[in-house]
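The following note sets out, point by point, what may be said of the fold and of the ligand surroundings.

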Amino acid sequence: MRLLAEGLSARRGEDLIFNDISFALGEGEALVITGPNGSGKSTLLRVLAGLLRAESGTFRIEGGPAEFAHPHELSHYLGHRNAMKRELTVRENLSFWQRFMGDSQGGSGVDIAAAAEAVGLAGITHLPFGYLSAGQQRRMAMAKLLVAYRPIWLLDEPTAALDAGADRLFAGLVKAHLEGGGILIAATHQPLGFGSAQSLQMKGFTH
Ligand SMILES: Nc1ncnc2c1ncn2[C@@H]1O[C@H](COP(=O)(O)OP(=O)(O)OP(=O)(O)O)[C@@H](O)[C@H]1O
C-alpha cells in the first residue's frame, strides 16, 4: 500500500494556505511536517484526514484494500485537541473510540488496559479524563491510536505537553507502528526521535 499526495492546495477563508504539495509514502515510512506558526501544517493534516476539502490536488491510496475510497477511512487523526470528554472516565472515552473506529483490515487494536499501560498510565483509567494533567491527557490521546487498528496515523504536534519520558514512549510507539508496516504523517515543532523520515517544510502564505 502506498499513500500518494499530488498537487494539494488548500484555502482557509480567502487565503491560499499552501500550494502544490506532493509526497509518496510506502508501508513503514514516515513524513514529518515542519514550518512556522500559521504555515499550514494543521490545515494540511486536516485535508489529509478528510476534515477539510482540498482546493486542488488529490490524496489517495494505491494498492490498498479496494473498498476504501479515501485514506481517511484507514487513518487515525490526532489533532491539537485530544477529542476526549472531560466528564467521562478514561476507560469510557477509550471504549467509545474503540467501538467508533473499529479495526481496519490487517490488524487489531489492543484492549484498554493494555493501551493505558503502553502509555504509562495503567491504574488511572477509572478517573474522569478532565482530572488528568495536560501531559497525562496527551498520553491518553495516544492510547486512542492503540485501541483500534488503523495503518495510517495523522498526528498534529503529538508530543506537545509531554515530558521526556513520554517523548521516548511516543517514539517507541511510532517505531513499533512503522515496523508493523504502518504509515505516519506528523506535524511538529520538536524532533520526534523515532529515526528516519521524509520531511516537508511548510513555508507559509503562497498568495
Ligand atoms: N477557519 C479559518 N478561516 C480562515 N483562516 C484560517 C482558518 N483556520 C486557520 N486559518 C489560517 O490558516 C493559516 C494556517 O493555519 P494552521 O493552523 O494550518 O497553521 P500551523 O502551521 O498548523 O500553525 P501552528 O504551528 O501555530 O500550529 C493561519 O494563518 C490561520 O490563521
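1. Leu 154 has Ile 185 of β7 as its bridge partner. Strands β6 and β7 run parallel and are joined by five bridges; two strands are taken to pair if DSSP finds at least two bridges between them. Helices (H or I, at least four residues) and strands (E, at least two) are DSSP runs, numbered from the N terminus.

2. The model is predicted: local features need pLDDT of at least 70 and side-chain atom pairs count only at pLDDT 80 or more, while totals for chains, interfaces and linings use all residues. Residue numbers start from 1 along each chain as its sequence is written.

3. Strand β7 also pairs with β3, in the parallel sense and over four bridges. Within this pairing, Ala 30 stands opposite Leu 184. Strand β3 (residues 30–34) is joined in parallel to β8 by four bridges, and Thr 34 stands opposite Gln 201 in β8.

4. Which strands make up the open sheet, and in what order? Five strands form it, in the order β5-β6-β7-β3-β8, with parallel pairing. The edge strands, each pairing on one side only, are β5 (75–78) and β8 (198–201). On average, neighbouring strands are turned by 10° against each other, direction ignored.

5. Is β7 mostly covered or uncovered? It is mostly covered, five of its five residues being buried; a buried residue has 20 or more other C-beta atoms within 10 Å of its own, an exposed one 12 or fewer, and a partly exposed one a number in between, with C-beta atoms placed from the backbone. In a regular strand the side chains alternate between the two faces of the sheet. In β7 both faces are covered, with Ile 183, Ile 185 and Ala 187 buried on one side and Leu 184 and Ala 186 buried on the other.

6. Helix α1 lies across β3, β6 (152–156) and β7 (183–187), and runs at about 150° to β7. Here axes are lines fitted to C-alpha atoms, for helices over the stretch in contact, and angles run from 0 to 180 degrees between N-to-C directions. Contact requires C-beta atoms, placed from the backbone, within 7 Å of each other.

7. Helix α1 (residues 41–48) also supplies the largest share of the shell around the ligand, namely three residues. Among the residues around the ligand are Arg 12, Asn 37, Lys 41, Thr 43 and Met 202; a residue is near a molecule if its C-beta atom, placed from the backbone, lies within 6 Å of it. The shell divides into two nonpolar, eight polar and two charged residues. In this division Ala, Val, Leu, Ile, Met, Phe, Trp, Tyr, Cys and Pro count as nonpolar, Asp, Glu, Lys and Arg as charged, and the others, Gly among them, as polar.

8. Arg 91 belongs to helix α2 (residues 90–101). It is partly exposed, because 16 other C-beta atoms lie within 10 Å. Neighbours within four places in sequence aside, Arg 91 is in contact with Ile 112, Thr 125 and His 126. The C-alpha atoms of Arg 91 and Thr 43 are separated by 30 Å, the two residues being 48 apart along the chain.

9. The protein chain has five helices and eight strands. Its radius of gyration, taken over C-alpha atoms, is 17 Å, close to the 17 Å that the globule rule gives for 207 residues, so the chain is as compact as a globular protein of that length. That rule is 2.2 Å times the number of residues to the power 0.38. Buried residues make up 39% of the 207.

Technical notes. Contact = placed C-beta atoms within 7 Å.
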